[in-house]
There are 2 protein chains.
Amino acid sequence: MSMESVEAYLQQNSERFVSELSELLRIPSVSGDSAFKGDVRRAAQLVDQQMRQAGMTTEIVETPGHPIVVGTLTQSPGAPTLLVYGHYDVQPPDPLQDWITPPFQPTVRDGKIYARGATDDKGQMLTHIKAIEAWTKATGKLPVNVKVIIEGEEEVGSRNLEDFLESHRKQLACDIVVVSDTSQYAPGIPAITYGLRGIIAAEIIVRGPKQDLHSGIFGGSVTNPVNALAKLIASLHDDQGHVKIPGFYDEITPLSVQERQQFAALPFDEVDFLQGVGVSTGWGETGFTANERRWARPTCDVNGITGGYQGEGPKTIIPAWARAKITCRLVPNQNPEKIVQSLEAYLRSHLRPGATLEFKSDHGASGLVFDTSSKYMQAASRAVAAAFGREPVFIREGGSIPVVKTFKDILGADTLLLGWGQNTDNLHSPNEHFTLADFHRGIHASARLMWELSGRK
Amino acid sequence: MSMESVEAYLQQNSERFVSELSELLRIPSVSGDSAFKGDVRRAAQLVDQQMRQAGMTTEIVETPGHPIVVGTLTQSPGAPTLLVYGHYDVQPPDPLQDWITPPFQPTVRDGKIYARGATDDKGQMLTHIKAIEAWTKATGKLPVNVKVIIEGEEEVGSRNLEDFLESHRKQLACDIVVVSDTSQYAPGIPAITYGLRGIIAAEIIVRGPKQDLHSGIFGGSVTNPVNALAKLIASLHDDQGHVKIPGFYDEITPLSVQERQQFAALPFDEVDFLQGVGVSTGWGETGFTANERRWARPTCDVNGITGGYQGEGPKTIIPAWARAKITCRLVPNQNPEKIVQSLEAYLRSHLRPGATLEFKSDHGASGLVFDTSSKYMQAASRAVAAAFGREPVFIREGGSIPVVKTFKDILGADTLLLGWGQNTDNLHSPNEHFTLADFHRGIHASARLMWELSGRK
């Protein structure tokens, strides 16, 4: 009976949920750019307000960076305790000119809401807050205990989350963590993600002459930092797509035959997949399928490069410096610190004479996998099936949610990765969106998960 | 007697010449950026005005791009005819933050005038206009016939000059061309440049996915355009500094023993030279000295590169595209068209699957050398010696003045390259400047050259 009244409440309040999501999407909470600091805080305050409205006791916890919004509702002794984690910060919206409607003016088209953060992660994390609201408003209480932490630095490496978790270890004790920051496998095929890649990030600057030089007068006599940087980047891969950083693959456990079969059994059309992103041919490590490469093999990509003259027309200079932002996606057993060290040493060994290399590394996190047969995984599977009308598939994902490892280390809890969005929702890209039906199904699944974990009373 | 009255006039008017140079330097005539179109025209008008003030008949000739200012004063039948060429357009001033005083607010410090275009080429070209003024004002007439063309597209490849020369071939008939757009060899060592490198320019764009992609979800399965572009650039050189474009060196005449000895006899301290630009070690083709590499060997440099995320902090994307601006400096006998074709084919052959390459080539010009024993070269040598107090050395230069080849082809005339500035004047760089003493000596040398060529009557 209680689940039914919750479902009725969800139905009755679905439009308001969308308008409350829109309100949050209108705030440009870009954590990676200090110009948006005030907006990031405004987003935290709005999340706090929506949590209070859901019936939780809340607190905005300050950090050296952006604040963390914490909510608790733990009035069900004996029932399991869920810790919901999400983030209210977003990626930068550029290139701005590629957005059909502005990134911070949420717009609904064809049943999808378009805005930066629509799916990553404002829309997805809000599903749990609305599910809590539905339980408290429709039945007066939650069937489980819930703690919610929504941070504002996920897109910049969750720099202050670990300290926060350490210092709030007791307060955040839980049986299982729930995170909705992944995707369904495909439209109509919901998924539970049991593996994530890790990540390391580095910014490198190659410096040559103290200022830009005339390429006629000086060309041929000094190292060109752009050419030198290109050489460093080119040295990262061989022509078979293998990463050449020494030791990069050494500690990886090979994919099991069973897991490869499980991946291969998923509906996947590589031609469609590639057409969807506008390329004719894929590229990557030879000897692996596209899904194996995306989910279970490490990569090394340049995310941005700049140097020298950027304007219209030619400018005949030898630039003074060139910069690249590099990230490697890691898989279980790769040690992020060792990989960073090896990357730096490898780049230094390939540096041309007459140039210097600045190497700065940012956040690092290991890849990981969870046991799909646990009672939490199985309860989540039933909840998703009920809300989405189809059993979820168990998949891995190529993205990184570094905190999942931190939850394991600090709180001793595994994480349920329940993605309500789609791969094609353009997260981190222009025209990010979230299908409203997925938003509502996500809220439903979250509410149902609480019920499943309570023992269905 | 006439030369003495000219010299007296120069002395008396030196301050006004500087303030008239300043007036021209205040105009941001950046030809490569269409935002400055109106300023480029204003610069043309001011040059025209200063030519008229020098006693010339002038005309501002329209082209499909920026206009060419033409002046003539040909009232000395039987005397040789000089064609002075220069340009009033300038390179873009960025990076703006590196300028001590703003690029278009000319400022005199320690006897040097700082501004974009101070030496390249507003200050240098103006010396000839002021020399003409001195002759006409001090003596009532020029000892030779002079034609002056000052264009506004030198920094963007002199796109319309060739058509202009073709269509004004008769009107511009001359015995010798004079260009001051090079440098002295060193402070206190004036030089006549008898060789120039040529140039080809290309802009390449590597395109991958139709938009930026999440590097977690897609990383490993598609070509990253920045990594692919880096591979193309890295493929341009081997570790010995040789350019690997097929056929690049095939048609070059090896440097003669005599010329290598002549280069080696010039005062040159490579350690000082490198320290001057802020690097500890040089880099270039093995087997050649720094001056040989700068003056008489071809190069291939990236002048600018861009792709992906340029802002603060990390952004985990696979960029949709990456662009590089490339120029190669050429030496005599290298065919620019063949080099461009070979470059394009070579790059295409190194392109990773799943990426496309856009290749756009701009201006091309051959390298060239002139006979140092001609009567014009010898007259110029005497004029420079008189004005600078020291015999000039004969050198080659690594920069490109493509029109010099065009003058040879269309007008059949050789060019005297008389550089009054210094290598260290930061041309094409922040804090470009011109030593005022060099400005005045340049005017003096130009006036004296006219006298030397007239037979010293």
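Reader: What share of the contacts in chain A between residues at least 6 apart in sequence join residues at least 24 apart?
Author: That share is 79%, a contact being two residues whose C-beta atoms, placed from the backbone, lie within 7 Å. This is a predicted model, where local features need pLDDT of at least 70, side-chain atom pairs count only at pLDDT 80 or more, and totals for chains, interfaces and linings use all residues. Residues are numbered from 1 along each chain as its sequence is written, while chains are lettered from A and ligands numbered from 1 in the order in which they are written.

Reader: Thanks! How many helices and strands are in chain A?
Author: Chain A has 14 helices and 18 strands; these are DSSP runs numbered from the N terminus, helices being H or I with at least four residues and strands E with at least two.

Reader: Switching topic, how many residues does each chain bring to the contact between A and B?
Author: Chain B brings 82 residues and chain A brings 82 residues. On the chain B side, β11(B) gives the largest share, nine residues.

Reader: And how does β11 of chain A run relative to β11(B), parallel or antiparallel?
Author: They run antiparallel, with five bridges joining β11 (residues 299-308) of chain A to β11(B); strands pair if DSSP finds at least two bridges between them.

Reader: Nice. Which residue stands opposite G304(A)?
Author: It's G308(B), in β11(B).

Reader: Last one: what does the C-alpha trace of chain A span along its principal axes?
Author: About 80 × 50 × 45 Å.
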